[in-house]
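Try each task before you read its solution.

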Amino acid sequence: MQKALDAFRDSINRVHHLGGLHKAILSLTTPAIDTSDLLRAQIVLAVSALDFYVHEITVLGMLEVLGGARPATSAFEKYRVSVGAMIAGVPTGTHDWFEADVRERHSFLSFQQPDKISDAIRLFSDVKLWPNVATALGQDDVTVKARLRLIVDRRNKIAHEADLDPSFPDTRWPITEADVTGSCLFLSQTVEAIHSVVV
């Protein structure tokens, strides 16, 4: 399980380095040069790091359930695997076939919104995710989920709508270093809290 957290930490460190690059370029150029896309890239990559973490922790958790290290959840018991993967993999005596099947099925999903993250975690843990994460963060779960949704919505505007403000054509939504720093910090704290709750 630590592998998933380490991968998230590496990813979020790269996001911070991109912020350093933004500061360096900003200090070497005039305000006429727009460096705000580096900030937008940070938001996209930070949410991507969260998504990747949930994918990885889910696979690792489900493998622990399959191996008997964790109790099966009702969501795990309802999880469907392909017969082809099972027939090909069971004779090998390993769980590689199961891992490959889970990864393939989940490759079409994103685990960014709070409900989707909860669905993924339920595949290997019955923990009441958001109330416990909120307690670890010293907040209430409604606030935590609302903040996460706002960050993911901003990521979606950047990734899918070119971050354009429809009220003012050809104008992008404003973004500041403080916006990005706050969002990245919140995502880091949230992932650390999720990990402490599910491990």
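**Exercise 1: H1 against H2**

Task: Work out how helix H1 (residues 2–28) and helix H2 (residues 36–66) are oriented to each other.

Solution. This is a predicted model, so keep that in mind throughout. Start with the geometry: H1 and H2 pack with their axes 8 Å apart, at an angle of about 175°. An angle over 145 degrees counts as roughly antiparallel, so H1 is roughly antiparallel to H2. Next, sort the residues of the H1–H2 contact by class: 20 are nonpolar, five are polar and two are charged.

**Exercise 2: bring in H9**

Task: Find how H2 and helix H9 (residues 177–198) are oriented, and list who touches whom.

Solution. Step one is the angle again: H2 and H9 pack at about 5°, and their axes are 9 Å apart. Angles under 35 degrees count as roughly parallel, which means H2 is roughly parallel to H9.

Step two is the residue list. From H2 you get Leu39, Gln42, Ile43, Ala46, Val47, Leu50, Tyr53 and Ile57. H9 answers with Glu177, Val180, Ser183, Cys184, Leu187, Val191, Ile194, His195 and Val198.

Step three is the class count for the H2–H9 contact: 13 nonpolar, three polar and one charged.

**Exercise 3: H1 with H9**

Task: At roughly what angle do the axes of H1 and H9 cross, and which residues make the contact?

Solution. The H1 and H9 axes cross at roughly 170° and come within 11 Å. The cut-off of 145 degrees applies once more, so H1 is roughly antiparallel to H9.

On the H1 side, the contact uses Gln2, Leu5, Phe8, Arg9, Ile12, Val15, His16, His22, Lys23 and Leu26. On the H9 side, look for Glu177, Cys184, Leu187, Ser188, Val191, Glu192 and His195. By class, the H1–H9 contact holds eight nonpolar, five polar and four charged residues.

**Exercise 4: a salt bridge across the chain**

Task: How many salt bridges are there, and which parts of the chain does the Asp34–Arg172 pair link?

Solution. The count comes to 12 salt bridges. In one of them, the side chains of Asp34 and Arg172 meet at 2.3 Å, N to O. Now place the two partners: Asp34 sits in the loop between H1 and H2, while Arg172 sits in the loop between helix H8 (141–161) and H9. The pair links distant parts of the chain, 138 residues apart.

**Exercise 5: the largest pocket**

Task: Describe the lining of the largest pocket and say which helix gives the most to it.

Solution. First the volume: the largest pocket holds about 170 Å³ of space. Then the lining: Tyr79, Arg105, His106, Leu109, Ser110, Phe111, Lys116, Asp119, Ala120 and Leu123. Helix H5 (96–106) and helix H6 (114–121) each supply at least two of the lining residues, and H6 gives the most, with three. Sorted by class, the lining has five nonpolar, two polar and three charged residues.

**Exercise 6: the whole chain**

Notes: Residues are numbered from 1 along each chain as its sequence is written. This is a predicted model: local features need pLDDT of at least 70, side-chain atom pairs count only at pLDDT 80 or more; totals for chains, interfaces and linings use all residues. Side-chain values use heavy atoms; hydrogens and water are left out. Axes are lines fitted to C-alpha atoms, for helices over the stretch in contact, and angles run from 0 to 180 degrees between N-to-C directions. Helices (H or I, at least four residues) and strands (E, at least two) are DSSP runs, numbered from the N terminus. Angles under 35 degrees count as roughly parallel, over 145 as roughly antiparallel, 65 to 115 as roughly perpendicular and the rest as oblique. Ala, Val, Leu, Ile, Met, Phe, Trp, Tyr, Cys and Pro count as nonpolar, Asp, Glu, Lys and Arg as charged, and the others, Gly among them, as polar. On a 1 Å grid over the protein atoms alone, a cavity is a set of points where a 1.4 Å probe fits but cannot get out, and a pocket is an open set with protein on both sides within 12 Å along at least five of seven lines; lining residues have an atom within 4 Å of a point. Grid points are joined across faces, edges and corners, and a volume is the space filled by probe spheres set on the points. Contact means heavy atoms within 4.5 Å. A salt bridge is a side-chain nitrogen of Lys or Arg within 4 Å of a carboxyl oxygen of Asp or Glu.
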